[in-house]
Amino acid sequence: MRAPWLLILGFLAVLSVVHCVVIPLERAFPLNGSVELSQLVARDQLRHSRILQGFAAAGGVVDFSVQGSPDPYHIGLYFTKVKLGSPPREFNVQIDTGSDILWVTCSSCTDCPQSSELGIQLNLFDSSSSSSAKLVSCSDAVCSSEFQTTATQCSQSNQCSYSFQYGDGSGTSGYYVADMLYFDAILGQSLIANSSALVVFGCSTYQSGDLTKTDKALDGIFGFGRGDLSVISQLSSRRITPRVFSHCLKGDGSGGGIMVLGEILEPSIVYSPLVPSQPHYNLILQSIAVNGQLLQIDPAVFSTSSNRGTIVDSGTTLAYLVQEAYDPFVSVITAIVSPSVTPTIYKGNQCYLVHTTSGSEIFPPVSLNFAGGASMILKPEDYLVQPSSSDGAMWCIGFQKVQGGITILGDLVLKDKIFVYDLAHQRIGWANYDCSSSVNVSITSSKDFINEGQLSVSSSTREMLFKLIRSFVSSIAKAVYDLSTGFEV
């Protein structure tokens, strides 16, 4: 005779496949704050030097961003809140698709910042204060080089620890902890479950370099990379969430956006395949067109190798083009807009003095064309930046020139677009979108959806949920009756 609790487990198993986690985003720096373009470039260069170091290491690298310094340009660095431990504590962590692990600052850290100029309170993780925390031992699978790619080592107490040290002087070290991560699992209209899952993350006991500066201090980094130790990999391997996550980063106003451990649905999304066996989100960039005109660029400069390729990285502020693509890109744009603007060099960057009030309408659209027939259409705001001191009269090329190496698409390009990282099908999709609007999020493999923000749900999904509940109740009633009468079910 089948016990009723088996039916309960079966019903819960059905619900578990439709979990979708929605994470609100905020800017680390307000949009109306000032930033120095040269400082942003310096920040990104330090980050990219670490990415390049990773290409030389076996199995890739875990890399994380270092915050920039104030400057006359407006930027946004995006972060979210996570709840860890029992009882749960809240931590502000930067969203970073260029690294794998989630790490937060430990209470035992001696060189970590104690305050932040971002208007947030810094919190420390204390494993001894969490009833559910468990230290990861050296014998655990997550401490093996086959499982993840960070530099691990074992302490005398058999504790699995990590250490990241970089040439720019910044770095962090600490140990791995297994503890509860809390999140909202959305099942349908008005059906939001307060869920939790055991995850492995880093507890930082030492930080150096820019990580110690209070003007950019956060509680840690939330890595969304392709490695097995990223939270998205941990949760999806246990079927808690699908093997896909999405974001929509708002580029204007107060910034912010939406981060979803699930698939944002939008009819205009186009997809391009990921390059296999790469530690980062590498795409195959094939060509660039300006105002419909293909640039004369050898496609070989975009090919993926040990030190070349094209990466999507939310931890990079600007965007970077290899010189062979940058030079014709700037030359064609300059030729198109020269009748209406005055080209000039401002702090080493190609800029243009605009003589009309509608400067953004002067500049042409740009198309980045990827494998699979997917094109990314860039508006002028996606490749230009404005110095705040110019009173709107000056526009500068936001793309930076790279002397060989990797083309990196950072927040300058990623903003105001839906991005879907579909790891199950090894592809990335995107579509231009107003990220202040709500989005439709898939909660089943059949593409039933909820509308994040309003939490509306398609009628088919609502009926599906009601039928599941009615079927569940009927099955329980029948099982209890048969149990009491002695009949086989």
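These notebook entries record what I looked up in a predicted model of one protein chain.

**Entry 1. Ground rules.** I noted that local features need pLDDT of at least 70 and side-chain atom pairs pLDDT 80 or more, while totals for chains, interfaces and linings use all residues. Residues are numbered from 1 along each chain as its sequence is written, and side-chain values use heavy atoms, with hydrogens and water left out.

**Entry 2. The whole chain.** I began with the secondary structure and found six helices and 32 strands. Helices (H or I, at least four residues) and strands (E, at least two) are DSSP runs, numbered from the N terminus. Of the 489 residues, 56% are buried, where buried means under 20% relative accessible area, exposed over 50%, and partly exposed in between (1.4 Å probe, protein chains only). I then looked up contacts, meaning heavy atoms within 4.5 Å. Among those between residues at least 6 apart in sequence, 70% join residues at least 24 apart.

**Entry 3. The core.** I looked up the largest nonpolar core, which has 77 residues; Phe329, Phe363 and Tyr383 are among those with the most contacts inside it. Such a core is a set of buried Ala, Val, Leu, Ile, Met, Phe, Trp, Tyr and Cys residues joined through side-chain atoms within 4.5 Å. Helix α4 (residues 323-337) gives the largest share, seven residues. I also listed the neighbours of Phe363, leaving aside residues up to four places away in sequence; they include Ile333, Val337, Tyr383 and Trp395.

Entry 4. I traced an open, antiparallel sheet of four strands in the order β17-β16-β22-β23. Its edge strands, β17 (293-294) and β23 (374-378), each pair on one side only. Two strands count as paired if DSSP finds at least two bridges between them. Between β16 (residues 285-290) and β22 (residues 366-370) I found five bridges, and serine 287 has asparagine 369 in β22 as its bridge partner. Helix α4 lies across β16, β17 and β22, at about 15° to β16; axes are lines fitted to C-alpha atoms, for helices over the stretch in contact, and angles run from 0 to 180 degrees between N-to-C directions.

A second open sheet has five strands in the order β15-β18-β27-β19-β26, with mixed pairing. Strands β15 (282-283) and β26 (399-402) each have a single partner strand, so one side of each is left without a neighbour in the sheet. Helix α4 packs on this sheet as well, touching β19 and β26, and its direction makes about 105° with that of β19.

**Entry 5. Disulfides.** Taking a disulfide as a pair of cysteine sulfur atoms within 2.5 Å, I noted a count of five. One joins cysteine 106 to cysteine 203, with S to S 1.4 Å. The torsion about its S-S bond is about 120°, so this disulfide is right-handed. Cysteine 106 is in the loop between β4 and β5 and cysteine 203 in strand β9 (residues 191-208), 97 residues apart.

Another joins cysteine 248 to cysteine 435, with S to S 2.0 Å. This link is left-handed, with -80° about the S-S bond. Cysteine 248 belongs to strand β11 and cysteine 435 to the loop between β29 (427-432) and β30 (439-442), 187 residues apart.

**Entry 6. A loop residue.** Last, I looked up serine 130, found in the loop between β4 (102-105) and β5 (134-135). Serine 130 counts as buried because its relative accessibility is 9%.
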